[in-house]
Amino acid sequence: MTQSYPIDMSSKPEVKAFFDEATWTISYVVKDPNSSACAVVDSVMDIDYAAGRISYDSADEIIDYIKEQGLTVEWLLETHVHADHLSGAPYLQSKLGGKIGIGENITMVQDVFGKIFNEGTEFQRDGSQFDRLFKDGDTYKIGELECFTMHTPGHTPACMTHTMGNATFTGDTLFMPDGGSARADFPGGDAATLYDSIQKVLALPEDMRLFMCHDYGPNGRDIAWETTVGDEKLHNIHVGAGKSKEDFVKFREERDAQLAMPRLIIPSLQVNMRAGELPPEDKDGKTFLKVPINGL
Ligand SMILES: [Fe+2]
């Protein structure tokens, strides 16, 4: 299935991970081995939701690293519209440049959540807040490093997996082998679709490095974020060792029915569907987030 993707395991980007303790998110700086160009994958903007306060400590850590290393940011990539943290992409873009990219099905996500949050017509549902909308098989470059995308829906309709040489960023399509997989019950999510998307990732070469978007340290182990296709195929507790689609869907749907909403889903969606921008200021120059009552 992946034969049509331009896989090049001989390109070996340098990957630096940043773990955000507040949201269990891993952000990455990926550097072209042959130039100073880099991409940032899934950056975080901090929020103290109880206080309604935004800050940028996580993003500043990434900015400091990029400046120290003398890197040039070409891309700010979102693997999907996250429901558990706010994107730091516009803040990084304002400091370092780069283009913000997400999957083209962002339009579906904007449509669904535009309705849930009762946004007016000024909220565009065409993905125009982003600089690039990726579709399955699209290619792009980080400096000289050739990269491609795979559409991997299921967790959300807009989920994309990004492969850069021998490094693949799965977003929430997979977790570490002992973490299994992400939920598939958000609007537009689907367990059977997620299973098919995971098979696409597992069809990449066995020694492809896989980088996760989240890790929760199951069973008390230290936080980890890197594995390989081979390891996931053998050991993933939800899809490894040849587990059937039927079993996966049954398990996933039963598990999802018991999960609470992510703590930051309400602010995250309102910001991330706008490419990480806060909603526009009101006539007094103040910014607000909404809480839809019984809307989710
Ligand atoms: Fe997610």
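At what angle do the axes of helix α1 and α2 cross? In this predicted model, the axes of α1 (residues 57-69) and α2 cross at roughly 35° and come within 10 Å.

## The helix pair

The crossing of α1 and α2 is right-handed. On the α1 side the contact is made by A59, I62, I63 and I66, and on the α2 side by Y91, L92, K95 and L96. By class, the residues of this contact divide into seven nonpolar, one charged and no polar.

## The sheet from β1 to β9

An open sheet is formed by six strands in the order β1-β2-β3-β6-β8-β9, with mixed pairing. Its edge strands are β1 (14-20) and β9 (132-134), each of which pairs on one side only. From one strand to the next, the twist averages 25°.

Within this sheet, strand β3 (residues 37-41) pairs with strand β6 (residues 72-77) in the parallel sense, over five bridges. V41 has L77 as its bridge partner in β6. Helix α2 (residues 89-96) packs on the sheet and touches β3, β6 and β8 (99-103). The direction of α2 makes about 165° with that of β6.

V30 lies in strand β2 (residues 25-31). This residue counts as buried because it has 26 C-beta neighbours inside 10 Å, where 20 or more are required. Not counting residues up to four places away in sequence, V30 touches P13, V15, C38, A39, V41, I142, M164 and A167. One of these, V41, is the residue whose bridge partner in β6 is L77. The C-alpha atoms of V30 and K12 are separated by 10.0 Å, and the two residues are 18 residues apart along the chain.

G103 is placed in strand β8. It counts as buried because 31 C-beta neighbours lie inside 10 Å. Leaving aside neighbours within four places in sequence, G103 is in contact with H80, F134, H151, A158, C159 and M160. Among these partners is F134, a residue within the range of edge strand β9 (132-134). From G103 to S55 the C-alpha to C-alpha distance is 26 Å, with a sequence separation of 48 residues.

## The sheet from β10 to β15

A further open sheet has six strands in the order β10-β11-β12-β13-β14-β15, and its pairing is mixed. β10 (139-142) and β15 (226-228) stand at the edges with a single partner strand each, so one side of each is left without a neighbour in the sheet. The twist in this sheet averages 30° from one strand to the next.

Strand β13 (residues 167-169) and strand β14 (residues 209-211) pair in the parallel sense over three bridges. T168 has L210 as its bridge partner in β14.

## The annotated domain

An unreviewed UniProt entry carries the annotation "domain: Metallo-beta-lactamase" for residues 24-214. In the model, the end C-alpha atoms of residues 24-214 lie 6 Å apart. This span is 23% helix and 30% strand.

Conventions. Residues numbered from 1 in each chain as written. Predicted model: local features only at pLDDT ≥ 70, side-chain atom pairs only at ≥ 80, totals over all residues. Helix = DSSP H or I, 4+ residues; strand = E, 2+ residues; numbered from the N terminus. Buried ≥ 20, exposed ≤ 12 C-beta atoms within 10 Å, placed from the backbone. Contact = placed C-beta atoms within 7 Å. Pairing = 2+ DSSP bridges. Axes fitted to C-alpha atoms, helices over the stretch in contact; angles between N-to-C directions. Left-handed = near helix turned anticlockwise from the far one by under 90°. Nonpolar A, V, L, I, M, F, W, Y, C, P; charged D, E, K, R; others polar. UniProt positions renumbered as here; feature names shortened; annotations may be inferred.
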